[in-house]
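Biologist: I'd like to learn how to read a model like this one. Can we take it feature by feature?

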Amino acid sequence: EALVGYEVCIGEDDLPPAAPGEIYHFQLIGMKVVTITGEQIGAVEEMITTGSADICVVRGEDREYLIPLIADVVKTVDREGGRIVIDPMPGLLDS
């Protein structure tokens, strides 16, 4: 209870390994986001946690996109390559 409302930080080396198919939010920050057709969308700037899906806040050249981390949209997360490949549902990237 003494820590309610505070941000608690630990070293990356102290974290348990992510399970297969999982990734820590901080590992997504800075990753490039591209579509399955190769269109460059931008880079992940922050994460938003919601009740239904986590959201990547992606900053493009001239706008911001909110990309849900759901299987219907995210097709590949390439940790080594530093990129996320998405298949955007209709309207997701519209201005």
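Biologist: What should I know about the model and its numbering before going on?

Modeller: This is a predicted model: local features need pLDDT of at least 70, side-chain atom pairs count only at pLDDT 80 or more, and totals for chains, interfaces and linings use all residues. Residues are numbered from 1 along each chain as its sequence is written, and side-chain values use heavy atoms, with hydrogens and water left out.

Biologist: Which residues line the largest pocket, and what is its volume?

Modeller: Rolling a probe the size of a water molecule over the atoms shows where empty space is left. On a 1 Å grid over the protein atoms alone, a pocket is an open set of points where a 1.4 Å probe fits, with protein on both sides within 12 Å along at least five of seven lines; lining residues have an atom within 4 Å of a point. Points join across faces, edges and corners, and the volume is the space filled by probe spheres set on them. Here the largest pocket has about 180 Å³. Its lining is G21, E22, I23, H25, L28, D54, L69, V74, V77 and R79. Helix 1 (25–28) and strand 5 (74–78) are the elements that give two or more residues to that lining. Such elements are DSSP runs numbered from the N terminus: helices are H or I of at least four residues, strands E of at least two.

Biologist: What lines the second largest pocket?

Modeller: E7, V8, C9, L15 and F26. The space is about 150 Å³. Four of the lining residues are nonpolar, none polar and one charged.

Biologist: F26 is in that lining. Which residue does F26 form an aromatic pair with?

Modeller: Rings of Phe, Tyr and Trp (its six-membered ring) pair if their centres lie within 6.5 Å; planes under 30 degrees apart are stacked, over 60 edge-to-face, the rest tilted. The whole structure has one aromatic pair. Y24 and F26 are stacked, 5.8 Å centre to centre, with 25° between the planes. Y24 is partly exposed at 25% relative accessibility, and F26 is partly exposed at 38%. Buried means under 20% relative accessible area, exposed over 50%, partly exposed in between (1.4 Å probe, protein chains only).

Biologist: How many salt bridges are there?

Modeller: A salt bridge is a side-chain nitrogen of Lys or Arg within 4 Å of a carboxyl oxygen of Asp or Glu. The search finds one. It joins E64 and R59 at 3.4 Å, N to O. E64 is partly exposed at 37%, and R59 is also partly exposed at 37%.

Biologist: In which sense do strand 3 and strand 4 pair?

Modeller: Strands pair if DSSP finds at least two bridges between them. Strand 3 (residues 55–59) and strand 4 (residues 64–68) are antiparallel, over five bridges. V58 stands opposite Y65.

Key:
Nonpolar A, V, L, I, M, F, W, Y, C, P; charged D, E, K, R; others polar.
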